[in-house]
Structures are given as structure tokens and as C-alpha cells.
Amino acid sequence: MAYFLHRAPSLLLYATRASMAPGSPALGAPASAGPVDPALIEDLVAANRILADQGVVDGYGHVSVRHPKNPERYFLSRSLAPELVTAADIMEYDLDSNPVDRRGRTMYLERFIHGEIYKARPEINAIVHSHSPAVVPFGVSNVPLRPLYHMSGFLSEGVPLFEIRDAGGMTDLLVRNPELGRALAQSLADKPVALMRGHGNVVVGSTIPLAVYRAVYTEVNARLQVQAIMLGGSITYLEPEEGRLAAANIAATIGRPWELWKRKALAREKP
Ligand code: MN
């Protein structure tokens with residue numbers, strides 16, 4: 001039995017190779033789910049630049065979107081600083097984070113963050129991973145990140161911490177394989193944001209604008225929370241019910257900042 005389990009995939013790959021035409025995708029590569037509306041790719045490109053404009057990503061960090069026609073595929077740039085990403089840099093992956101058509105391009109080492117969260121969260125269609133600086137201290141401190149104003153009400157669901165040592169022992173802190181990606185997805189559970197100890201954070205949403213909005217305001221809330229703590233005295237955070245009400249209201253209006261951010265990001269010449 002073990003023999004067949006081991007051999008079957010390579011026989012399948014052999015058959016695939018025999019039927020491949022020149023110029024076909026690489027041996028064993030997953031099939032494409034087909035073309036998508038260019039507006040979605042434009043939004044993904046805009047998201048990369050907006051996150052750079054807003055100080056969430058720098059030379060590192062990435063944002064992805066699930067394929068609207070096939071939940072088993074997602075789009076993510078080749079390995080590139082987010083501010084430099086164009087539509088031509090976007091690659092399609094399966095949820096094991098294998099590229100559909102690599103064409104020699106370098107891939108983000110941490111793409112497993114995206115594939116494994118898409119597997120675990122069917123309602124999630126966009127993911128941001130960043131080292132957004134104001135958030136990092138909350139991943140190494142026992143002071144919890146908590147919402148202190150209405151713009152970050154989504155944080156009132158609680159912000160879990162991914163401790164990579166629990167999953168991988170001593171590592172370079174990067175989510176560089178599917179196992180670590182699965183462990184991160186487990187830590188995130190059903191929440192919109194998870195902190196990654198000694199590294200950064202991951203933010204998810206049902207759409208690109210919502211995930212970007214949450215990533216931006218997770219960073220802003222972290223900055224404001226440190227300022228509130230530095231004032232001394234006691235801090236009144238949002239009540240969970242206030243957070244839920246605020247998040248529901250904001251979700252209906254994020255088209256407003258999104259259109260502004262997108263117009264600015266796409267109008268500007270690339271650096
Ligand atoms: Mn990272």
C-alpha cells in the first residue's frame with residue numbers, strides 16, 4: 001500500500017508530461033483557475049502601494065487576494081518590495097502555495113501564510129502580512145493590543161499571538177513552510193488580526209479594501225495606544241459591544257478612504 005501511495009503521484013506526473021505541449025506550465029504545476037477581471041488585479045497592485053504609503057509595509061511584507069472563480073487559488077506578487085509591484089508581477093498559486101506558472105520568478109518565502117489561512121478561513125478573500133513597526137512591541141510585551149477608538153473597533157474581538165517556538169522550536173522567525181503556516185492560521189483562529197512574536201502581524205478581510213483598512217488601523221491603533229500609555233493614568237478602551245458596533249458601521253463606509261488611497265497610490269509614479 002505504501003508503495004502505491006508513494007508511486008502514484010509520479011506516474012500521474014509522467015502522464016501529464018507526455019501530454020504537455022511546448023510552452024505549457026512546468027511539470028506538476030497546478031492548473032490556473034483562469035483569467036480574472038483586471039480591476040481585481042488593479043486593486044491588488046493598489047493595495048501593495050497603499051500599504052507602503054501608510055507605513056504598514058516597507059521593503060518587506062505582502063498582500064494577496066483569493067481567486068474569485070476558484071477558492072483553491074490566490075494571487076500574490078513575485079518577491080518584490082510592495083511599492084514596486086505592478087500587474088505583471090502578480091502570480092497565481094494553489095493553496096499549498098505552489099505557483100501555477102513560475103517562469104523562473106523568485107517567490108516570497110512566507111507565501112505559506114496566505115495559502116494556509118485561505119484553507120482555514122473560507123470567508124476570507126484578502127490577507128496582509130507585514131512588519132508594521134508600531135505593532136511589533138505588542139507581539140513581545142504582555143500588554144495586549146486593544147482598541148482605543150472607533151476606527152479600530154475590529155480589534156475588540158481580541159488579538160491572538162502566534163508564538164513560532166510552539167510550532168517550530170528555534171527558527172529564523174519566518175513562516176517558510178506549510179506547517180508553520182498552518183500553526184499561524186490556528187493561532188489566528190476566527191479573528192481579523194494575529195500578532196507574530198518577534199516578527200510582525202497578519203491581517204485578514206473578506207475583501208482587499210477591508211484587509212487593507214484593518215492593516216492600516218491596526219498600525220494606527222498601536223501607535224495611539226503607546227501614546228495613551230505614555231500619558232500615564234488609566235485608559236478607557238472600547239467596550240466589546242462598542243467595538244462591534246463601530247466595526248459594523250465602518251465596514252459600510254470604507255469605500256471612502258479606499259478610493260482616496262487608491263487614487264493617490266496609482267497616480268504617483270513608481271519610485
Ligand atoms: Mn515577514
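Student: How many residues are in the hairpin that joins β1 to β2?

Tutor: Six residues link β1 to β2 in that hairpin. This is a predicted model, where local features need pLDDT of at least 70, side-chain atom pairs count only at pLDDT 80 or more, and totals for chains, interfaces and linings use all residues. Residues are numbered from 1 along each chain as its sequence is written. Helices (H or I, at least four residues) and strands (E, at least two) are DSSP runs, numbered from the N terminus.

Student: In which sense do β1 and β2 pair?

Tutor: Two strands pair if DSSP finds at least two bridges between them. Here β1 and β2 (residues 73-77) are antiparallel, with three bridges. S64 has L76 as its bridge partner in β2. L76 also stands opposite M91 in β3. β2 and β3 are antiparallel too, over five bridges.

Student: Which strand does β1 join through four bridges?

Tutor: That is β4 (residues 126-130), and the two run antiparallel. V63 faces V128 of β4 across the pairing.

Student: What is the strand order of the open sheet?

Tutor: Read β3-β2-β1-β4-β7-β6-β5, seven strands with mixed pairing. β3 (90-94) and β5 (161-162) are the edge strands, each pairing on one side only.

Student: Which strands does α2 touch as it packs on the sheet?

Tutor: Contact between two residues means C-beta atoms, placed from the backbone, within 7 Å. α2 touches β1, β2, β3 and β4, and its direction makes about 160 degrees with that of β1. α7 also packs on the sheet, touching β1, β4, β6 (193-196) and β7 (200-205).

Student: Why is β1 described as largely enclosed?

Tutor: In a regular strand, side chains alternate between the two faces of the sheet. A residue is buried if 20 or more other C-beta atoms lie within 10 Å of its own, exposed if 12 or fewer, and partly exposed in between, with C-beta atoms placed from the backbone. Five of the five residues of β1 (residues 62-66) are buried, so the rest of the structure largely encloses this strand. H62, S64 and R66 cover one side, V63 and V65 the other.

Student: At what angle do the axes of α2 and α7 cross?

Tutor: Axes are lines fitted to C-alpha atoms, for helices over the stretch in contact; angles run from 0 to 180 degrees between N-to-C directions. The axes of α2 (residues 38-53) and α7 (residues 208-231) come within 10 Å and cross at roughly 5 degrees. The two helices are therefore roughly parallel (under 35 degrees; over 145 is roughly antiparallel, 65 to 115 roughly perpendicular, the rest oblique). D43, L44, A47, I50 and L51 of α2 meet I208, V212 and A215 of α7.
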